[in-house]
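Biologist: I'm new to this one. Could you walk me through how to read its helices?

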Amino acid sequence: MNVLRWDASQVRDGAAELAHLLTDTVAAGASVGFLAPLDRSRATAWWRERADGVARGELAVWVAVDGGGRTDADARAEDAGFGRVVGTIGLAFSTLPNGRHRAEVVKLMVHPSARGQGLARSLLTTAEHAAATSGITLLHLDTETGSPAERLYDTAGWTRVGTIPDYATNTVGTPRPTTLYYKRLDPLPG
């Protein structure tokens, strides 16, 4: 399993593989901003739009790639220079002058077939380290209250701030609360 930071062209070119991850994650019930069923072409377009933010330096995207358990789609991805995308995480950087010290952790996703192997923690650690190396001293995020992600953040040193009721709907459209977290970072030499 390799965790790689993708540049804008890699996100654009790999959008179809990222879309497979996104649609499968949503189909499995993860609340990542979309309702089920999520059309793969819509998910691909969404990822291609993210490439613009990467190009502007407003978003960083890491992708976990695994060459094992290949499907026909995986073989096509490898032929195009990609392995099987099984996870991703992003950092959205503040564009405001008074917020350049902070970033938001966004779209931490692990494919249902790759869960329970520590990949989410590896992705989170990668993003935290990259943030600290780039001078970010404060990270924040939100996650669906009661989701397995809460355990990850609770055990990874994140501070729970509180809960907002009915913040977003789950994948079937039912309003659910969200839990807010933050983590302070010590800057690392980059």
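Modeller: Let's start with a crossing: α5 passes α6 right-handed. A crossing is called right-handed if the near helix is turned clockwise from the far one by less than a right angle, and left-handed if anticlockwise. Helices here are DSSP runs of H or I with at least four residues, strands are E runs of at least two, and both are numbered from the N terminus. This is a predicted model, where local features need pLDDT of at least 70 and side-chain atom pairs count only at pLDDT 80 or more, while totals for chains, interfaces and linings use all residues. Residues are numbered from 1 along each chain as its sequence is written, and side-chain values use heavy atoms, with hydrogens and water left out.

Biologist: Which residues make the contact of α5 and α6?

Modeller: Contact means heavy atoms within 4.5 Å. On α5 the contact is made by Ala 120, Arg 121 and Leu 124, and on α6 by Leu 152, Tyr 153 and Thr 155.

Biologist: At what angle do the axes of α5 and α6 cross?

Modeller: Axes are lines fitted to C-alpha atoms, for helices over the stretch in contact, and angles run from 0 to 180 degrees between N-to-C directions. For α5 and α6 the crossing is roughly 50 degrees, and the axes come within 11 Å. That makes the pair oblique; angles under 35 degrees count as roughly parallel, over 145 as roughly antiparallel, 65 to 115 as roughly perpendicular, and the rest as oblique.

Biologist: Which residues of α6 are buried?

Modeller: Buried means under 20% relative accessible area, exposed over 50%, and partly exposed in between, using a 1.4 Å probe and protein chains only. In α6 (residues 148–155), Glu 150, Leu 152 and Tyr 153 are buried. Down the axis of α6 they fall within an arc of 160 degrees, so they line one face of the helix; the arc is that of the directions from the helix axis to the C-beta atoms. The face turned away from that buried side carries the exposed Pro 148 and Arg 151.

Biologist: What do the buried residues of α6 pack against?

Modeller: They pack against α5 (119–133) and the strands β4 (102–110), β5 (138–144), β6 (159–169) and β7 (175–184). Just after α6, Gly 157 takes a positive phi of about 85 degrees.

Biologist: And the loop between β6 and β7: is Asn 170 there buried or exposed?

Modeller: Buried, with a relative accessible area of 15%. Not counting residues up to four places away in sequence, Asn 170 touches Ser 31, Leu 35, Glu 144 and Arg 176.
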